[in-house]
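Here is a short briefing to read with the model open beside you. Take a look at the fold, then work through the points below.

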Amino acid sequence: MKIESTPLGTQFDDSEARIVFPLGIPGFEKDRTFQLFQQHADDVVGYLQSVDDPDLTFSVFAPESLNIFYEFILSDEEQALLKLERAEDVVLLLVAYRQNTEQDAEALGSRVNANFMAPLVINSESRLGLQKPLYRAERRITIKAN
């Protein structure tokens with residue numbers, strides 16, 4: 001099966017790369033099934049393309065690619081939704097987006113931002129996902145130099 005994507009063109013369906021968000025992604029609740037694509041195997045940024053909406057594509061990346069690591073607890077309901085049995089099956093992705101404003105266009109062009117406070121949590125075995133808002137997260141940045 002082919003998936004038509006406005007930004008990526010024609011992509012081929014791969015059931016191993018398909019991810020279902022049973023509750024949708026906040027703001028996009030009607031789109032629940034996505035396919036994960038990478039343009040090239042060594043790309044840091046991948047794409048979550050809605051299977052049903054060719055215009056809905058999220059740019060995503062693993063937080064580890066920026067040496068960012070998360071520690072949080074999933075509720076029993078969240079674990080059940082993901083059918084999660086082992087912590088090592090969890091994959092986190094962050095959504096990156098381009099914020100275009102008139103000021104950006106005049107100054108630096110458009111800026112790329114990421115939603116660090118609501119990672120996508122995916123069970124790599126069941127291929128189920130959810131977005132986990134971290135409302136009261138402790139943020140600490142440590143910079144180490146050799």
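Which backbone oxygen does the side chain of Lys132 reach? That of Ile73, at 3.5 Å, a polar contact being a pair of N or O atoms within 3.5 Å, one able to donate a hydrogen and the other to accept it, with residues adjacent in sequence counted only if both atoms are side-chain atoms. This is a predicted model, where local features need pLDDT of at least 70 and side-chain atom pairs pLDDT 80 or more, while totals for chains, interfaces and linings use all residues. Residues are numbered from 1 along each chain as its sequence is written, and side-chain values use heavy atoms, without hydrogens or water.

**Around Lys132**
- Lys132 counts as buried because its relative accessibility is 12%, and buried means under 20% relative accessible area with a 1.4 Å probe, protein chains only.
- Leaving aside neighbours within four places in sequence, Lys132 is in contact (heavy atoms within 4.5 Å) with residues including Phe72, Ile73, Glu78 and Met117.

- Not counting residues up to four places away in sequence, Leu56 touches Phe28, Asp31, Phe34, Leu48, Gln49 and Ser50.
- In soluble globular proteins, nonpolar side chains tend to be buried together.

Methods. Buried means under 20% relative accessible area, exposed over 50%, partly exposed in between (1.4 Å probe, protein chains only).
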